Amino acid sequence: ETVRVSGLYLSSYQSGINELTDIIMTEIEAVTDPSVQPGNEIWYTSTDGQIVTPFKADAFGVTIVSNTYVNGKGVISFDGVVTQIGHSAFYGCLNLASIELPITVRTISSQAFERTGLESFHVPSENIYIGQAFAFCSQLSSFSGAYASMDGRMLVISDQVVSFAPAGLTEYAVPAGVTSIGPNSFQGAQLLSVTLPDGLLRISIRAFEDCTRLESIHIPSTVTAIEDFVFMDCESLTSINIPASVQVLGDPFARCRQLATFEGPFATSDHHALIFNGALKGFALGAGLSEYTIPYGVREVGAFVFHQARLNKITIPDTVEIVGWYGFNACGVSELVLPARLRSISVGAFRNNALKTITFLAVNPPTAHDGDRILDDTMNCPIFVPSESVDAYKIAEGWKNYADRIFPLEEPALPVPE
């Protein structure tokens, strides 16, 4: 049950009474003691001695009435009690060095402080929801207050890392007791190496995205789930071991340009790819290959797998049924032959390739999940399909925009082996 009092949503009747009492006492103290922060003010300091202008003035649930900076202290005053720091409130405010939030704040939304110059951050209360608010805060060196870890480097809520303070570190060992690395929590951190603790269960979406200097990461054998885009744009990562304990694996490796080897039970024998439950989840972009044959039995090419692979040739087996998001985007080839079993093509799968030809052996036009853009940015190359299917392709959704590029195969489609 929740209780609403003067715009505040309180978690339960009794705890709500306690919270409201604290807020009222704070407001009374603020009237008589200027060192006590009232609920309608945010205090801050800036790196340049100038006013910090919020990126979104309407992100606080109340209206800003003034913003001043006097004697090294900034004060943003509102026409009511501040209960939220909304999405992108201070996004990109590079001159924001520190900030003090009133105890009335109950929500800090995603991207609220992303890409700011914050050097430290104090969480004023445990009665607060915190989203993915601190990505790319390269100057952030410590958290304090509610949810701060013992070393002050993380915010941890219910054993999940919510945010990380990366400034000055090149390596980090996540302390024992953490069971989940939260979404975007290490995003943009310029660490060289990370050690994750035994007992960790989940690595959430985009957790280490844009950690461009990350060279190595230890994933313990307790991890059961690794979500999408976890290591996206980790440009310095050269090798990774995915343990046998993993039961759920998204598409974590987009644009890992130096990734040369995969290790663990899901790696192929040549260590150049990662296959999980019939899906190709990763390819070694950094292995220096010019040609690659997808192993027979792969049913799905995952998101971004060959994105920016710079290959001259990719051979696709007739077991492939699905091509995921940007699966062959900008992969470098001039020709592609897609097998007869192909039934689904996702957004951006073939874009940004200087193709001379592309061939689809499927008799029935595969479902296009990219609207009418599945073959945009492919140099207007001819599209070859089975002769008996030309008319079907030319009128199919997602294909009809390319009707003038669709031609019959000179050779009949090969039969699909059982």
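## Charges over rings

A charge sits over a ring if NZ of Lys or CZ of Arg is within 6 Å of the ring centre and within 35 degrees of the ring normal. In this predicted model, the charged end of Lys73 meets that description over the ring of Trp43, at 3.4 Å from its centre.

## How to read the values

Residues are numbered from 1 along each chain as its sequence is written, and side-chain values use heavy atoms, with hydrogens and water left out. Local features need pLDDT of at least 70 and side-chain atom pairs count only at pLDDT 80 or more, while totals for chains, interfaces and linings use all residues.

## The chain as a whole

Let's step back for the overview. The protein chain has two helices and 34 strands; these are DSSP runs numbered from the N terminus, with helices (H or I) of at least four residues and strands (E) of at least two. Of its 418 residues, 50% count as buried, where buried means under 20% relative accessible area, exposed over 50%, and partly exposed in between (1.4 Å probe, protein chains only).

## A three-stranded sheet

Strands β14, β16 and β18 form an open sheet in the order β14-β16-β18, with parallel pairing; two strands pair if DSSP finds at least two bridges between them. The edges are β14 (171–173) and β18 (216–218), each of which pairs on one side only.

Three bridges join β14 to the parallel strand β16 (residues 193–195). Within that pairing, Ala173 has Thr195 of β16 as its bridge partner.

## Aromatic pairs

Across the whole structure, a search finds 28 aromatic pairs. Rings of Phe, Tyr and Trp (its six-membered ring) pair if their centres lie within 6.5 Å; planes under 30 degrees apart count as stacked, over 60 as edge-to-face and the rest as tilted. Tyr172 and Phe186 have ring centres 6.5 Å apart and planes at 45 degrees, so this pair is tilted. Because Tyr172 lies in strand β14 and Phe186 in the loop between β15 (180–181) and β16, the pair ties together parts that are 14 residues apart in sequence. Are these two residues buried or exposed? Both Tyr172 and Phe186 are buried.

Phe304 and Tyr326 are stacked, because their ring centres lie 5.1 Å apart and their planes are at 20 degrees. Phe304 counts as buried at 8% relative accessibility, whereas Tyr326 counts as partly exposed at 23%. Elsewhere, ring pairs link Phe283, Tyr292, Phe306, Phe328, Phe350, Phe360, Tyr393 and Trp399 into a cluster.
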